[in-house]
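Student: Could you walk me through this model, one question at a time?
Tutor: Gladly, let's look at it together.

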Amino acid sequence: MPNSRENLLPAVDPAYCKGCARCIDACLHNCIEMGNEINPLTGLTPVILHLEDCTHCGLCVTACPEPYGLHMDSITDDYSAVRPETFDGVVKTRPKAASIPSTKIPINPGKPILIKGTYASSIGAVLAGCRHFYGYPITPSTEGAELMAKLLPNLDGIFIQAVSEVAAINMLYGTGGAGLPCMTFTSSPGFSLMLEGISYMIGSEVPSVIVNIMRGGPGLGNIAPEQSDLKLVCHGLGHGNTQCVVLAPATPQEMLDLTMLAFELTFKYRNPVIIIGDGYLGQITGKVSLPDYMIQPGLPDWAVYGDAGHRGNLIASIDITEPDLEARNIRLNHKYDTMIKAEQRSDSFFCEDAEILLVAMNTPAQMAKGAVQQLRSEGIKVGLFRPITAWPFPVDALSKLIPQIRQIVVVEASNGQLEDEIRLSLSKAGVTQLPPISFVRRFGGILPQTHEIVEKIHALEGVVA
Amino acid sequence: MSAFYNTFERHSHGEGLKGHSTHYCPGCGHGLAHKFLAESIDELGIQDRTIAISPVGCSVFLYYYMDVGNSQAAHGRAPAVAIGHKMANPNSIVVSYQGDGDLASIGLAEIISAAQMGLPISVIFVNNAIYGMTGGQMAPTTLKGMKTMTSPYGRNENMGSPLKMAELIAQMDSPIYVERVALFDSKQRIRAKKAIKKALQIQVENKGFSFVEVLAECPTHLHLSPTEAQDWVKNSMLPVFPLGVKKDVEPTHIFSFEKPSFESGKLLALIGATAEDVPKFANSFPKHIDPLDISLKLAGSGGDGAQTAALLITRTAINEGFDSTHIPSYGPESRGGTSYADVHIAEMEVLSPSAPDPHILIAFNQPSMDKFAPKVRENGIIIGDSTVIHSMPAIDPTVKVVMVPMSAIATELGKIMVKNVVALGALQAATGLFPEQSFLTAIQQGLKDKKELFPLNVEAFHRGMEAALKSEKI
């Protein structure tokens, strides 16, 4: 029995002994004493072993806090010669998992269904393969969570009502980190609480879909629609250098379509995707056509899934040395640049010959569309530019329109946050010759109405109805 | 054997001594807790399945050492992250490893709720009575009178008392196993190792939530030698944090989770998708009301059925192949207060979904009539419940008013709830919005789970139609 206990004795490489002396205290036979020489490699004073009276009990090893400190080894004359790599004679290797791609399963979409905006988003999520939902109830987003609570148990999925939005976003961090599609619904105050977690997700490159049905603020505000989280989703996703693709649907149909897109993009970029709606869009019931496919998710190679193939993986956003963290930021920046190039989305309505350009998102864009229709019937050359991605802002499409436009009117349920995005992105794109920009703004839970937009255009100089 | 990496590549890229030694100070209790965890993982044969959640605090770098799946959580959030991992793969063995600042201060909500949720995860809680990583500040577990960087004159009455987490967790219903152990001598270390292994074993058996509090030494911030720190834990911490098993019960059930379903038929049935054709009855868009887009407002008290009626109109319009939207007013007063709904019907696409100046108003009570009737646009139509509405505000002279005793008819039919269907009948007769059969089809769809109520609804609808034709303006 070459490795029976009697043949083993404690051993330590002085370089891996920090001299804490816990082993001295543990030894019943006074075999160990503090050394008196500082180890030049560590600057610490390791213990010295005198094993004449050693009973091979191993208590000293149990007392050593260092993984590669004191250990039991074959009896040799040189107690300190054993290198850590050979402690157990086994070099651990692991099979590396390959990414399993998601699969598209064809379905018969049937007739359009009649559902609320939040429901449409939930249904988009389950069609996109999401079987994990974590959330905290908050009006006006709760119905989406309620539908998930109803659907997921029937699909052997997981619905958990977390103790807070903070816990909910961190559950997403866990499931997203395990490589599976997951989502939450929230509304502005809850979204504020999630920002810390979103920053961690971006830093750790964890996918997840977060739907923020924006409501009136600041503070508790009210539960009516607003669009004042635009600055958060475009420039304030928690601390650090953070960006996410932000999708801004305008109809229940888009709530479904863009939720499905969000799941695709969140895995494409290994980055969370935010969907912003307004309270109106969450509550509105409308006609929604289903797609002709659904998704069965795969499993990415980077996931921390809890099996042999993924054992070596790490989900973390910490880089304690500065060059490492700079490298991580550079990698993230490349990703953001790719998103800026590839993910700008927008919709144009009567823009071809427009001289006056309305810019609006979410439900206010529908109000603006109504205004365009009315003003066009009066012969006024007005069009609507609707960003579908709030970030990256669809500046390429907007800049092309600028030369023909003599007036921009920004329609929004916030005090100029959309206008700021327009000005900033045009400025960054080098568009210096801007037409005058005016606005129709409501806030506090009130959306700009079609007639207000029409009146604004009528009042513009040089507009003749 | 143990579940440590061969070389700690993540510890300064494994260079020099760091490849095989920890970042912990000499004598730190974390090293021992790590070691017992690593040995337990190995002995239970769960290394491939294990996911260790690193917290924020001195043990933030747990992932340097443990050769398992690793996930690093925000401060205090490790139990939530652990639940996310466990639910993603219930076959994984998830360990939330946390210090006293992480678990007992900033992460209290997460640990308490995770414990009471009771899902099978294992929590290792290292309590050394002080904040280590940030440099020796007061922890929730700091002893009374103890001097720290943020209690330089000692923890006094204004700073509260040390928080006894093991006792707190043990008194909850869901946890299966809670024990407090220590590391200050050989006997305690053997017990600590056993406890950690048991906590994992319980998870392997899908029994539930387990929690091991480890009293650990922080020689650096206690300003003691490692062996003095051991004595300090024994002599000063133990009287406040008594060791032992705080809870060890058999679970009431064994957790089991099915693999999520991606069966398309099941999913489509769940979301109410149907390929069934719905018959159309309208020949064209009701252009006599508006050529493009018709708006309606339905207003009453909560319980009048305004929302249901609005949805039925929307469904009718969509069945007929048009676009339609419904948006409720909503709020904290969603039960019993004012309830109104805006409906749009468009030949192609509904643009603005709100109805500030509707073509058609259905008013179920006097306040709704007073509030919204003046906003009905020229040549519009108002339908009111004459049982409860006795006066009209000033309205546009071109607006037609149709008063129908909705409540009286519904009461006569023995079910006040059909008042809104009476209103729909009146709407059909007064406006010709869609044919009678269109509405009845939508009502039938709405009652697919309560088929026995359909005849009553048909009667209510017809009574509404008749009454509208006989109506007189008030």
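Student: Which residue of strand 9 of chain B stands opposite A:G286?
Tutor: Keep in mind that this is a predicted model. Strand 13 of chain A and strand 9 (residues 323-328) of chain B pair over 2 bridges in the antiparallel sense. At this place the residue facing A:G286 is B:T325.

Student: And which residue of strand 6 of chain A stands opposite A:G286?
Tutor: Strand 6 of chain A is joined to strand 13 of chain A by 4 bridges, and the two run antiparallel. In this pairing, A:G286 of strand 13 has as its opposite number A:I115.

Student: What is the strand order of the sheet of 8 strands?
Tutor: This sheet is open and its pairing is mixed. Its edge strands, each pairing on one side only, are strand 6 (113-116) of chain A and strand 13 (400-404) of chain B. Neighbouring strands are turned against each other by 20 degrees on average, direction ignored. The order is 6(A)-13(A)-9(B)-10(B)-8(B)-11(B)-12(B)-13(B).

Student: Further along that order, which residue of strand 12 of chain B does B:I362 stand opposite?
Tutor: Strand 11 (residues 360-363) and strand 12 (residues 381-385) of chain B run parallel and are joined by 4 bridges. The residue opposite B:I362 is B:I383.

Student: At about what angle does helix 3 of chain A run to strand 6 of chain A?
Tutor: Helix 3 (residues 117-127) of chain A lies across two strands of chain A, strand 6 and strand 13 (285-288). Its angle to strand 6 of chain A is about 110 degrees.

Student: Which strands are the edges of the open sheet of 5 strands in chain A?
Tutor: The order is 16-18-17-20-21, with mixed pairing. From one strand to the next the twist averages 20 degrees. Pairing on one side only marks the edges, strand 16 (346-349) and strand 21 (437-441) of chain A.

Student: What is the bridge partner of A:V410 in strand 21 of chain A?
Tutor: Strand 20 (residues 407-412) and strand 21 of chain A run parallel, with 5 bridges between them. The partner of A:V410 is A:F439.

Student: Which residues of helix 14 of chain A are buried?
Tutor: Helix 14 (residues 450-459) lies across strand 17 (356-359), strand 20 and strand 21 of chain A. The buried residues are A:T450, A:E452, A:I453, A:V454 and A:I457.

Student: Is A:K369 buried or exposed?
Tutor: A:K369 lies in helix 11 (residues 362-377) of chain A. Leaving aside residues up to four places away in sequence, A:K369 touches A:F349, A:L384, B:E349 and B:L351. The cut-off for burial is under 20% relative accessible area. With a value of 10%, A:K369 is therefore buried.

Student: How many Å separate the centres of domain 1 and domain 2 of chain B?
Tutor: Domain 1 covers 12-248 of chain B, and domain 2 covers 293-470. Taken over C-alpha atoms, their centres are separated by 62 Å.

How values were computed
Residues are numbered from 1 along each chain as its sequence is written. Chains are lettered from A and ligands numbered from 1 in the order in which they are written. This is a predicted model: local features need pLDDT of at least 70, side-chain atom pairs count only at pLDDT 80 or more; totals for chains, interfaces and linings use all residues. Side-chain values use heavy atoms; hydrogens and water are left out. Domain bounds come from an automatic or database domain assignment. Two strands pair if DSSP finds at least two bridges between them. Axes are lines fitted to C-alpha atoms, for helices over the stretch in contact, and angles run from 0 to 180 degrees between N-to-C directions. Contact means heavy atoms within 4.5 Å. Buried means under 20% relative accessible area, exposed over 50%, partly exposed in between (1.4 Å probe, protein chains only).
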